[in-house]
Amino acid sequence: MVYSHNLTLHLRASDYAKHFHNDCEFLYFIDGAGEYVVEERRYSVTSGDLILIPPGKYHFLDAPDGRRYERFVLHAAPAFFSDPTLPARVADLSACFLLSDYPLIREALDGLIAEEKRYAPADFALLARSTLEHVMLSLLYTYDARIPNEGENSPLVTSALGYISAHLSEIKCAGDVARGIYASVSTLMHGFQKQMQIPLMRYVRIKKILEADRLLSEGVRATEAAEHAGFSDYTAFYRLYRRHFGRAPRESRARRTGMGEASKRD
């Protein structure tokens with residue numbers, strides 16, 4: 001588990017990388033406002049909102065520069081929780097939750113933040129797990145808290161994301177995706193870059209790296225994980241993996257224990 005409580009007085013959205021990781025992320029907006037993108041979904045968020053980002057989902061903050069931005073961020077692998085399926089069950093309903101009308105849920109999150117410095121790290125991890133499990137179970141049954149997707153999704157990009165998810169290991173170039181959704185390569189690449197703010201094939205490569213990492217965490221050998229994720233050249237996979245994670249694939253296979261290792265910077 002990795003957590004941080006950060007305050008930025010003069011936000012520069014360009015400082016916050018658009019990124020993916022294989023942990024669950026809980027992002028609690030204490031103060032601030034803007035739009036948060038989770039894959040093809042775009043949410044208007046403000047103080048008191050909670051975003052739950054499942055593993056492998058591309059996400060970023062889109063907010064005007066100069067604003068105050070205070071947030072509590074916690075990363076944990078699904079195996080960190082008593083029921084590893086719980087984060088996905090909640091995220092399937094919505095990635096963003098409006099907590100202003102639910103003081104008990106906000107009280108639980110605010111209490112967790114308040115206790116951060118009082119507990120030893122191992123004990124705080126236990127507290128965080130029980131608190132977040134309580135929050136997630138509450139959200140499963142708190143229908144009015146779910147914030148609907150408020151962005152105008154491009155049908156083209158939505159189709160591309162669905163195709164990539166279903167055919168990830170088969171995709172070798174942008175043309176594969178374009179043919180799969182009956183679009184021109186240039187139209188697809190331009191539309192994808194504009195909406196997702198990342199080049200199409202960079203998105204695909206990172207998705208493949210994350211899929212290989214997921215398999216490594218389950219004990220699959222590096223060569224098999226690379227092949228299953230769609231890499232025909234192990235050397236290229238090794239280079240990309242090391243660049244993304246800062247370690248060799250075999251190190252990841254040996255070290256994964258279910259505790260989050262993602263960046264604190266969100």
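The second largest cavity is lined by Leu11, Phe29, Gly32, Ala33, Leu61, Ala63, Arg67, Arg68 and Tyr69. Here a cavity is a set of points on a 1 Å grid over the protein atoms alone where a 1.4 Å probe fits but cannot get out, and lining residues have an atom within 4 Å of a point. This is a predicted model, in which local features need pLDDT of at least 70 and side-chain atom pairs count only at pLDDT 80 or more, while totals for chains, interfaces and linings use all residues. Residues are numbered from 1 along each chain as its sequence is written, and side-chain values use heavy atoms, with hydrogens and water left out.

The volume of this second largest cavity is about 30 Å³, a volume being the space filled by probe spheres set on grid points joined across faces, edges and corners. Its lining has 6 nonpolar, 1 polar and 2 charged residues. In this scheme Ala, Val, Leu, Ile, Met, Phe, Trp, Tyr, Cys and Pro are nonpolar, Asp, Glu, Lys and Arg are charged, and the others, Gly among them, are polar.

Now let's turn to the largest cavity. Its volume is about 50 Å³, and its lining has 9 nonpolar residues, with no polar and no charged ones. Among the lining residues are Phe26, Leu27, Tyr28, Leu109 and Leu112. Strand E2 (24–31) gives the largest share, 3 residues, and strand E7 (69–76) and helix H2 (103–114) each supply at least two. These elements are DSSP runs numbered from the N terminus: helices are H or I with at least four residues, strands E with at least two.

Helix H2 deserves a look of its own. Ile105, Ala108, Leu109, Leu112 and Ile113 are buried there, meaning under 20% relative accessible area, with exposed meaning over 50% and partly exposed in between (1.4 Å probe, protein chains only). Seen down the helix axis, the buried residues of H2 fall within an arc of 135°, so they line one face; the arc is that of the directions from the axis to the C-beta atoms. The face turned away carries the exposed residues Pro103, Leu104, Glu107 and Ala114.

Finally, there is the largest pocket, a pocket being an open set of points with protein on both sides within 12 Å along at least five of seven lines. Its volume is about 1,000 Å³. Of its 41 lining residues, Asn22, Pro55, Gly56, Lys57 and Arg214 lie nearest the centre. Helix H4 gives the most to this lining, with 7 residues.
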